[in-house]
Every structure is written in C-alpha cells, then in structure tokens.
2 protein chains.
Amino acid sequence: MAVVGEKVAELVGMLPMFTGTLLEGIEIRTPIKLSISEEKTLMFLYKHEGKSMTAYSKKVGLTRGSFTAVADRLEDKGLIERTSVCDDRRKNALILTKEGKSIAKIIDRCFKQHIASKVELLDAEDLKSLKNALETIVSTIDKLK
Amino acid sequence: MAVVGEKVAELVGMLPMFTGTLLEGIEIRTPIKLSISEEKTLMFLYKHEGKSMTAYSKKVGLTRGSFTAVADRLEDKGLIERTSVCDDRRKNALILTKEGKSIAKIIDRCFKQHIASKVELLDAEDLKSLKNALETIVSTIDKLK
DNA sequence: TTATTATAATTTGAATTCTAACATTTAGAA
DNA sequence: TTCTAAATGTTAGAATTCAAATTATAATAA
C-alpha cells in the first residue's frame with residue numbers, strides 16, 4: 001500500500017500549517033521575556049520534570065547543541081536548574097525553579113485558552129472528530145518506536 | 001465545551017513530535033546543498049507555482065523578512081525566479097527554473113518515500129485510520145479561516 | 001483629486017539555530 | 001581487564017531567522 005503512504009506523506013506536510021493556523025495571534029505575556037523555544041521548554045518541563053537535555057531537545061525540536069543554549073538562557077534567568085543524575089554522570093536532569101514553575105503555569109494556561117477559543121468556532125460535531133483525529137495520531141506516534 | 005478545547009490544545013502540542021518522529025533519519029541528497037527552508041519552499045512550489053512571497057512564507061513557517069533571504073538564496077542558486085504580476089506591482093510571483101523543477105522533484109520523491117517506508121511498519125488498519133485522521137485534521141484547517 | 005490606511009516585499013542588526021568537532025562517560029565485546 | 005562503539009552534553013564559528021523600521025504600491029475615504 002505505498003499509495004496510502006504517499007498520501008500520508010502529503011498530509012503530514014500540511015500539519016505545520018495546521019498548527020500555524022491554530023497558534024496564529026497567540027500572545028503570551030510573561031514577567032520575563034522569553035523566546036519560543038524557551039516557552040516550549042518550560043511547557044514540557046511543566047508536564048514532565050527531571051528528563052535529560054536530549055529528551056527535551058527532541059520535544060522542542062532543536063539539536064542538542066542548540067538546546068544547550070536554551071538551557072543556559074533559562075538557567076541564567078533563574079527559571080530552571082541542571083541537576084545531576086547519579087546513575088549516569090553524562091546526563092543532566094532539568095527541573096523548574098519556583099519562579100520557573102509559576103511562569104510555566106502562565107504559559108500553559110495561555111496556550112490552552114488560545115487554542116480553546118480558536119476551536120470554539122467549530123460546531124460540536126467537528127470539534128469531536130478533531131479531538132478523535134488528534135488522539136489517533138498521537139497514539140500512532142508510539143507504535144512507530 | 002472548554003474542556004474539549006483544552007484537550008485539543010494538549011494534543012496539538014504533541015504534533016511537532018509526531019512529524020519529528022516521522023521525519024527522523026530522512027536524508028535528501030540533492031546536487032546543490034540546500035537548507036530545510038529552501039527544500040520546503042521548493043516542495044511547495046512544486047505543487048503550486050506562481051503564488052506570492054507572503055503565501056510561501058506562511059506555508060514554510062517563516063516571517064516575510066526571513067523568507068526574502070530564502071528566496072534570494074534560491075534565486076542565486078538558479079532554482080527559482082521572481083516574476084512580476086502585472087496587476088499588482090507589489091507582488092512577486094515565484095516560479096521554478098528548469099533545474100529548480102528537477103531538484104524539487106527529487107525532494108518530493110525522497111520525502112514521500114521516506115514517510116511511506118516509516119508508516120509501512122503499521123498494520124493495514126492503523127495505517128487507514130492514520131490517513132483518515134490526517135484528512136480530518138487538514139479539512140478542519142479550512143473551517144477555521 | 002488628496003489624504004489615509006493597508007498590503008507586499010526588503011533591509012538591518014540582534015538573536016537564535018545549525019553543523020561539526022570535542023571531551024566525558026557508559027555499554028558491550030574481545 | 002582493554003578496546004571499541006555509542007550516548008550525553010558542550011563549544012565555536014557559520015548560517016539562518018527574527019523584530020522592527022523602510023520603501024513602494026494599492027485600496028479606500030474625504
């Protein structure tokens with residue numbers, strides 16, 4: 001079924017536009033000025049603290065080298081800390097500081113509110129099928145690993 | 001149904017990881033070295049030539065300012081041309097050169113083959129529901145405009 | 001007509017990200 | 001043990017992208 005695969009490829013190419021449309025016009029006001037990668041990092045940390053640099057770099061979509069700079073900046077701003085993981089001295093586990101947690105909370109709420117307000121324009125049926133579609137896709141991620 | 005909206009927001013946040021997983025390990029070998037934005041631009045041009053700079057910048061996910069640089073580089077490499085649209089002298093319509101078209105074809109094929117080979121790991125049923133889910137999402141894009 | 005506002009693309013310097021090389025540590029094989 | 005290969009994170013310089021101001025054109029109102 002290579003035909004289906006190619007169709008999937010075509011659709012995947014359009015996903016960034018989808019998220020772009022959803023995020024259009026979002027405005028996240030934080031006490032400290034942050035780049036998008038910094039905001040994303042805080043959001044992921046807010047959900048799952050204590051993972052490695054490499055893990056977060058993948059979630060944010062940066063190379064390890066670039067993510068080092070992001071972590072440096074967040075640490076300089078006092079929002080995260082690198083903690084050592086004893087059983088593997090190569091790894092750094094990242095955690096939020098108190099202020100980092102408070103700002104991450106703000107970002108998380110803004111993000112959710114913005115998207116919720118966008119999809120409110122859909123009727124109930126479309127919204128439901130959108131949610132189902134997203135769940136299908138996300139659950140497919142795991143099967144590909 | 002703000003609850004559904006928030007759930008959607010959470011899932012949307014995971015989409016970049018999904019595309020990241022699908023594209024992991026992709027290797028596009030072209031006669032001329034290209035950046036990712038340049039490759040994306042050629043792919044979109046391959047599908048729809050003659051749109052404006054702003055239109056492509058949105059598809060690629062760059063600001064207009066950044067996209068000017070991408071178009072400059074592609075023009076310097078002889079892969080695209082800016083053509084004037086007579087009825088609006090502000091706009092530049094982009095078109096592929098002969099070589100640009102040939103390279104765009106390579107990129108398009110590599111992209112599709114790579115993703116097709118990835119999703120081959122899924123069984124027929126999962127593959128079908130993935131395709132349906134993607135179609136649902138893409139068709140939702142339009143309704144939000 | 002003229003003035004005003006909006007749109008398309010460019011420019012510039014600053015900020016961010018990438019690529020490639022590196023040091024350190026771990027895991028596994030010989 | 002020792003060797004080799006792989007994984008983690010960092011570094012440095014090049015490449016890319018961003019934000020904001022600018023120019024030119026178009027659309028609209030006065």
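## Salt bridges, chain pairing and DNA contacts

A:Glu38, A:Arg73 and A:Lys77 are linked in a network of salt bridges, a salt bridge being a side-chain nitrogen of Lys or Arg within 4 Å of a carboxyl oxygen of Asp or Glu. This is a predicted model, in which local features need pLDDT of at least 70 and side-chain atom pairs count only at pLDDT 80 or more, while totals for chains, interfaces and linings use all residues. Residues are numbered from 1 along each chain as its sequence is written, chains are lettered from A and ligands numbered from 1 in the order in which they are written, and side-chain values use heavy atoms, with hydrogens and water left out.

**Salt bridges within the chains**

- Over all chains, the count comes to 18 salt bridges.
- A:Glu49 and A:Lys101 meet through their side chains in one of these, at 3.9 Å from N to O; because A:Glu49 lies in the loop between α3 (36-47) and α4 of chain A and A:Lys101 in helix α6 (residues 98-119) of chain A, the pair ties together parts that are 52 residues apart in sequence. Helices here are DSSP runs (H or I, at least four residues) and strands are likewise DSSP runs (E, at least two), numbered from the N terminus.
- A:Glu49 is partly exposed, with a relative accessible area of 37%, and A:Lys101 is partly exposed at 38%, where partly exposed lies between buried (under 20% relative accessible area) and exposed (over 50%), computed with a 1.4 Å probe on protein chains only.
- A:Arg82 forms a salt bridge with A:Asp72, with the closest N and O atoms 2.9 Å apart; A:Arg82 lies in strand β1 (residues 80-84) of chain A and A:Asp72 in helix α5 of chain A, so the pair ties together parts that are ten residues apart in sequence.
- In chain B, the side chains of B:Asp72 and B:Arg82 meet in a salt bridge at 2.9 Å, N to O.

**Where chain B meets chain A**

- In contact (heavy atoms within 4.5 Å) are 45 residues of chain B and 45 residues of chain A.
- The two chains bury about 4700 Å² between them, 84% of it on carbon and sulfur atoms, buried area being the accessible area (1.4 Å probe) that two parts lose on being put together, summed over both.
- Two salt bridges are counted between chain B and chain A, and B:Lys143 forms a salt bridge with A:Asp126, with the closest N and O atoms 3.1 Å apart.
- The largest share of the side of chain B that touches chain A, 14 residues, comes from α7(B).

**Where the protein meets the DNA**

- Around DNA strand D there are 20 residues, of which A:Met53, A:Thr54, A:Asn92, B:Ser37 and B:Ser66 come nearest, a residue being near a strand if one of its heavy atoms lies within 4 Å of it.
- Sugar and phosphate account for 75% of the atoms of DNA strand D that come within 4 Å of the protein.
- For DNA strand C, an N or O atom in the side chain of B:Thr54 is 2.7 Å from a phosphate oxygen, and a polar backbone atom of A:Arg89 is 3.0 Å from a phosphate oxygen.

How values were computed:
Polar contact = N/O pair within 3.5 Å; in protein donor to acceptor, adjacent residues only side chain to side chain.
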